[in-house]
Amino acid sequence: MKHSEKPNIEDISTSARASILAKIKAQVVGADYDKLPQENAFVYPTLNKTEQLAQFYLHLEANHAQVIKLAEADLASVISAELNKRAITSLLYGKNTDYATSMASLAPQLQLQAYDFSIDDHKASLFNDYPAAVSSSRCAISATGSIVLWPDENEPRTLSLVPPVHFVIVDANTLYPDFQSLIEQQQWQKNLPTNVVFISGPSKTADIQQTLAYGAHGPKELIVLLLNS
């Protein structure tokens with residue numbers, strides 16, 4: 001009786017890796033995607049804008065984020081009210097941003113600090129003096145309830161990762177149905193920054209005894225300020 005030959009694990013691994021990379025490249029660049037095997041491809045249901053907003057909202061709430069629908073003119077008053085509820089008297093914000101003028105109107109009731117310093121020289125202050133921060137966002141994804149941040153010199157990544165309370169401004173007009181639609185329409189392959197941040201709720205971990213804990217390595221609270229909804 002002839003024994004069948006054992007499969008070459010290395011060849012299988014190489015083939016699988018090549019297939020995965022080909023699919024990723026095709027989805028990002030949009031080249032010859034229709035020629036790839038589609039039998040296992042996941043297709044998101046088609047939703048209208050109202051349904052996408054509802055989906056986005058539900059995902060965020062399920063992940064323990066707070067969502068507040070408001071007009072742009074009410075940004076300062078809503079942030080002030082939420083800070084008062086938490087007895088917070090200081091706020092960190094991005095300089096030279098579209099919302100900077102609104103934040104400036106909160107003085108002198110609050111201690112305001114534009115993020116115009118390097119983390120190396122102000123690490124202790126960043127971690128100890130600013131319990132809350134506000135940042136803008138580039139866009140959002142309804143299928144996963146994710147918010148996309150595009151860090152730059154005005155809004156460094158630490159602005160959204162260090163303070164325990166993070167306010168993030170999301171424009172409902174920048175909501176995409178899914179990640180593939182986002183990268184295709186914005187052509188990410190042409191203009192990616194050095195870092196992109198996706199957030200879908202406050203920081204959480206279940207590393208210790210598989211018990212879910214919030215705020216272990218980032219903000220304990222995520223407050224989404226949803227405009228034009």
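Which residues does Ser137 touch, not counting residues up to four places away in sequence? Select Ser137 and show its contacts (heavy atoms within 4.5 Å): you'll find Ile147, Val148, Leu149, Val168, Ile169 and Val170.

Before moving on, a word on ground rules. This is a predicted model, where local features need pLDDT of at least 70, side-chain atom pairs count only at pLDDT 80 or more, and totals for chains, interfaces and linings use all residues. Residues are numbered from 1 along each chain as its sequence is written, and side-chain values use heavy atoms, with hydrogens and water left out.

Stay on Ser137, which sits in the loop between β4 (132-135) and β5 (139-141); strands here are DSSP runs of E, at least two residues, numbered from the N terminus. Its relative accessibility is 19%, so Ser137 counts as buried (under 20% relative accessible area, 1.4 Å probe, protein chains only). Now pick a polar atom of the Ser137 side chain: the backbone oxygen of Ile169 is 2.7 Å away.

Next, select β7 (residues 165-171) and β12 (residues 221-227): they run parallel, joined by seven bridges. Click His166 and look across to Leu222, its bridge partner in β12.

Zoom out to the open sheet of six strands, in the order β1-β12-β7-β4-β2-β3 with parallel pairing (two strands pair if DSSP finds at least two bridges between them). At the edges stand β1 (66-70) and β3 (111-114); each has a single partner strand, so one side of each lacks a neighbour in the sheet.

Finally, show the whole protein chain: 38% of its 229 residues are buried.

Definitions and conventions: Helices (H or I, at least four residues) and strands (E, at least two) are DSSP runs, numbered from the N terminus. Buried means under 20% relative accessible area, exposed over 50%, partly exposed in between (1.4 Å probe, protein chains only). A polar contact is a pair of N or O atoms within 3.5 Å; within protein, one must be able to donate a hydrogen and the other to accept it, and residues adjacent in sequence count only if both atoms are side-chain atoms.
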